[in-house]
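Me: I'd like to learn how to read a protein model feature by feature. Could you walk me through one?
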Amino acid sequence: PATRAGFPISDTGGGLTAAMAISAALNDRTRPHFIDVSMLESTLSTLGWAVSNWLQGGVAAQRLGNENMTSAPSGAFSAADGLINIAANQEVHWQRLCHALDQVQWLQDPRFISRELRKANRVELTQLLEDVLRQQPRQHWIDRLAQADVPCGPVLSVQESLDLEQLKQRDFIDERFVPIATNGF
């Protein structure tokens, strides 16, 4: 089924598009500007491959949930204690992934011998991959895959994201006291 975005993507995209348009207009003050921002157009611009594939090749988008339509395995996979995102989009990453997981037999499996076959057999591949990943916590796999130079990372909750050390170092969150007006405004 259709998957709802986890945040108001059209409102956010429309706001970002408006901010960029305003910045561009402020950069060119040689003439007056009229800014017209469409939330629909802003949202369609974020769809990337889905729109490009249709416009360039007439290929209709399919509902794939968290799956990457261009590659497999690529997406969020269950480890023992949470999700890990793995992007084995290139053949070299697929080979490194198999070695890092001690599953070199997958390299000879007729279902997974090519990128197109891995995409066609993504359900079976995901099941095999998660059978292995569920044996250890996600940090174990992230360390191992990073060592093998396989693009990966944890899928973080909002709370985990806001607790990242880099955000603390950059003072991303700044608490301020804002007095509440007593006159109703």
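Predicted model: local features only at pLDDT ≥ 70, side-chain atom pairs only at ≥ 80, totals over all residues.
Me: How far is the sulfur of Cys152 from the closest cysteine sulfur, and in which residue is that sulfur?

Reply: For a disulfide, the idea is to look at sulfur pairs and ask whether they lie within 2.5 Å. Here the sulfur of Cys152 has its closest cysteine sulfur in Cys98, 14 Å away, which is too far for a bond. The count of disulfides is therefore zero by the 2.5 Å rule.

Me: Let's go on to rings. How many aromatic pairs does the structure hold?

Reply: Two. To classify a pair, look at the angle between the planes: under 30 degrees is stacked, over 60 is edge-to-face. The rings of Trp94 and Trp106 have centres 6.4 Å apart and planes at 10 degrees, so this pair is stacked. Trp94 belongs to helix α4 (residues 91-100) and Trp106 to the loop between α4 and α5 (115-120), so the pair ties together parts twelve residues apart in sequence.

Me: How are the rings of Trp94 and Phe112 arranged?

Reply: Their centres are 6.3 Å apart and their planes at 70 degrees, so Trp94 and Phe112 form an edge-to-face pair. This pair also links distant parts of the chain, with Trp94 in helix α4 and Phe112 in the loop between α4 and α5, 18 residues apart. Through ring pairs, Trp94, Trp106 and Phe112 are joined into a cluster.

Me: Which side chain does the side chain of Asp109 contact?

Reply: For polar contacts, check the distance between the paired N or O atoms. The side chain of Asp109 makes a polar contact with that of Arg111, at 2.7 Å. Asp109 is found in the loop between α4 and α5, and its relative accessible area of 15% makes Asp109 buried.

Me: Now the sheet. What is the order of its strands?

Reply: The order is β1-β2-β3 in an open sheet of three strands, with antiparallel pairing. β1 (74-79) and β3 (152-154) are at the edges with a single partner strand each, so one side of each has no neighbour in the sheet. From one strand to the next, the twist averages 25 degrees.

Me: How many bridges join β1 to β2, and which helix lies across the strands?

Reply: Six bridges join β1 to β2 (residues 82-87), and these strands run antiparallel. As an example, Ala79 has Gly82 in β2 as its bridge partner. Helix α7 (residues 138-147) lies across β1, β2 and β3, at about 15 degrees to β2.

Definitions and conventions
Residues numbered from 1 in each chain as written. Heavy atoms only, no water. Phe/Tyr/Trp six-rings, centres within 6.5 Å; stacked < 30°, edge-to-face > 60°. Helix = DSSP H or I, 4+ residues; strand = E, 2+ residues; numbered from the N terminus. Pairing = 2+ DSSP bridges. Axes fitted to C-alpha atoms, helices over the stretch in contact; angles between N-to-C directions. Contact = heavy atoms within 4.5 Å. Buried < 20%, exposed > 50% of the residue type's maximum accessible area, 1.4 Å probe, protein only. Polar contact = N/O pair within 3.5 Å; in protein donor to acceptor, adjacent residues only side chain to side chain.
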